[in-house]
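Q: I am new to reading protein models. Please take me through the features one at a time, with the general idea before each case.

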Amino acid sequence: MELYMDEIRSLCSSMDLNDEVIENPKTDNKMDNKINGVKDILNQYNCFFFDMDGVFWRGSETIQAAVEAFKLLKANNKKVYFVTNNCTRSRQTYVEKLKGVGVETPKENVFAASSIVAEYIKLKHPEVKKAYVVGMKGICDELDEYGIPYLDS
């Protein structure tokens with residue numbers, strides 16, 4: 001899911017849209033063995049998924065190259081989504097954290113494990129009257145967002 005972040009970081013840090021050849025670390029039938037610089041990435045893909053922790057920040061430190069990569073993608077009208085398996089925060093909290101590092105995105109473009117759990121319960125198990133949460137505040141916040149009552153452990 002890191003979408004060749006090391007290569008994107010190094011290329012976007014200088015914002016040089018050259019034709020340097022980047023080795024693709026994973027090959028399959030759907031992709032060529034090489035990507036020719038940022039131009040090819042921009043031309044070949046319309047949608048990008050980024051993890052957040054360790055990609056846009058490490059602890060309290062912003063990873064500026066990722067922010068620049070996001071800005072480059074948005075400037076080229078690409079769809080950008082954010083994913084995390086971290087349940088400690090709600091989507092809204094992630095939106096605010098992203099904004100704090102210079103990335104503006106709507107809550108609908110953030111997929112957190114906590115929101116996926118709440119949406120799953122709402123859509124697939126509407127018979128659930130109340131959930132018992134053994135977990136972090138992010139899950140409780142998302143259950144609130146979806147109108148699912150819960151008992152917090």
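A: Start with burial: a residue is buried under 20% relative accessible area, exposed over 50%, and partly exposed in between (1.4 Å probe, protein chains only). Glu145 has a relative accessible area of 47%, so Glu145 is partly exposed. The model is a predicted one, in which local features need pLDDT of at least 70, side-chain atom pairs count only at pLDDT 80 or more, and totals for chains, interfaces and linings use all residues. Residues are numbered from 1 along each chain as its sequence is written, and side-chain values use heavy atoms, with hydrogens and water left out.

Q: How many helices and strands does the protein have?

A: Helices (H or I, at least four residues) and strands (E, at least two) are DSSP runs, numbered from the N terminus. Here there are six helices and nine strands. The protein has 153 residues, and 37% of them are buried.

Q: Which residues have the most contacts inside the largest nonpolar core?

A: A nonpolar core is a set of buried Ala, Val, Leu, Ile, Met, Phe, Trp, Tyr and Cys residues joined through side-chain atoms within 4.5 Å. The largest one has 23 residues, and Phe50, Phe56, Phe82, Leu98 and Val103 have the most contacts inside it. At least two residues of this core come from each of α2 (37-44), β3, α3 (64-75), β6 (79-84) and α4. The largest share, five residues, is supplied by α3. There is also a second, separate core of nine residues, with Ala131, Val133, Leu143 and Tyr146 among them.

Q: Which residues of β3 are on its covered face, and which on its uncovered one?

A: Strand β3 covers residues 47-51. Phe48 and Phe50 are on the covered face, while Cys47, Phe49 and Asp51 are on the uncovered one. Phe49 is partly exposed because its relative accessibility is 37%.

Q: In which sense do β3 and β6 pair?

A: Two strands pair if DSSP finds at least two bridges between them. β3 and β6 have five bridges, in the parallel sense. Phe49 has Tyr81 of β6 as its bridge partner.

Q: Which residues make the nonpolar surface patch?

A: Patches are made of residues with over 30% relative accessible area and no salt bridge; like charges are joined within 9 Å, and nonpolar side chains (Val, Leu, Ile, Met, Phe, Trp, Tyr) within 5 Å. Areas come from the Shrake-Rupley method with a 1.4 Å probe, and for residues only the protein chains shown count as cover. Here Phe49, Phe111 and Ile116 make a nonpolar patch of about 260 Å².

Q: What covers the buried residues of α6?

A: The buried residues in α6 (residues 137-145) are Gly138, Ile139, Cys140, Glu142 and Leu143. Their cover includes α4 (91-100), α5 (113-124), β8 (131-133) and β9 (150-152). Contact means heavy atoms within 4.5 Å. Ser115, in helix α5, is in contact with Arg91, Val110, Glu142 and Tyr146, leaving aside its neighbours within four places in sequence. Ser115 is buried because its relative accessible area is 4%.

Q: How many salt bridges does the structure hold?

A: Side chains of opposite charge can pair when their charged atoms come close. A salt bridge is a side-chain nitrogen of Lys or Arg within 4 Å of a carboxyl oxygen of Asp or Glu. The structure holds four. One of them joins Arg89 and Asp53, with the closest N and O atoms 3.9 Å apart. Arg89 lies in the loop between β6 and α4 and Asp53 in the loop between β3 and β4 (57-58), so the pair ties together parts 36 residues apart in sequence. Another joins Lys107 and Glu145 at 2.6 Å, N to O. Lys107 is in the loop between α4 and β7 (110-112) and Glu145 in helix α6, 38 residues apart. In the salt bridge of Lys137 and Asp141, the N to O distance is 2.7 Å. Both of these residues lie in helix α6, four residues apart, about one turn of the helix.

Q: What is the phi of Asn77?

A: Most residues other than glycine have a negative phi. Asn77 is not a glycine, yet has a positive phi of about 55°. Asn77 sits in the loop between α3 and β6 and is exposed, with a relative accessible area of 70%.
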